[in-house]
Amino acid sequence: MMMRYKEEKEAKKEAFRKYLESSGAVDALTKVLVSLYQQNDKPSSALQFIQNKLSCPSISEHEKLQAELSDLQIRYNELLTAHQKTCKELEELKSSHASAMTSTKEATDDESAKDGLGL
């Protein structure tokens, strides 16, 4: 009877271990513990460090991050629009420069042809 109890207990432990692994809890805890281990200056409270690393941001922190993300998205869109406008202007300048160079070359060629004919 004692042997059966030990087997059941081991089976429960194994099932729980598999549950923790499949849910990602083991990986999350491992990452936090590795992070704590790698700290040069160990925090005064290891438990507080672990809780902070595992916790989600508070509602106010989440709202602040959402507002910051929104502001950054607006700024990104503004910069992207400005960049596209600048690229378009650059292409127009390149095009007009190429046209001017072609016109200058044609004029120079015409001058050379006239000089060759003695005109």
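Read along the sequence, the protein chain shows the pattern α-α-α-α, and its secondary structure amounts to 4 helices and 0 strands, where helices (H or I, at least four residues) and strands (E, at least two) are DSSP runs numbered from the N terminus. The model is predicted, so that local features need pLDDT of at least 70 and side-chain atom pairs count only at pLDDT 80 or more, while totals for chains, interfaces and linings use all residues. Residues are numbered from 1 along each chain as its sequence is written, and side-chain values use heavy atoms, with hydrogens and water left out.

The accessible surface of the protein chain is about 10,900 Å², of which 59% belongs to carbon and sulfur atoms (Shrake-Rupley method, 1.4 Å probe). Of its 119 residues, 3% count as buried, that is, under 20% relative accessible area.

Helix α2 (residues 25–38) and helix α3 (residues 46–54) have axes that come within 10 Å and cross at roughly 130 degrees; the axes are lines fitted to C-alpha atoms over the stretch in contact, with angles from 0 to 180 degrees between N-to-C directions. The two helices α2 and α3 are therefore oblique to each other, the class left after angles under 35 degrees (roughly parallel), over 145 (roughly antiparallel) and 65 to 115 (roughly perpendicular). The contact (heavy atoms within 4.5 Å) is made by Ala28, Leu29, Val32, Leu33, Ser35 and Leu36 of α2 and by Ala46, Phe49, Ile50, Lys53 and Leu54 of α3.

Ser35 lies in helix α2 and counts as buried because its relative accessibility is 18%. Neighbours within four places in sequence aside, Ser35 is in contact with Phe49 and Lys53.

Terms used: Buried < 20%, exposed > 50% of the residue type's maximum accessible area, 1.4 Å probe, protein only.
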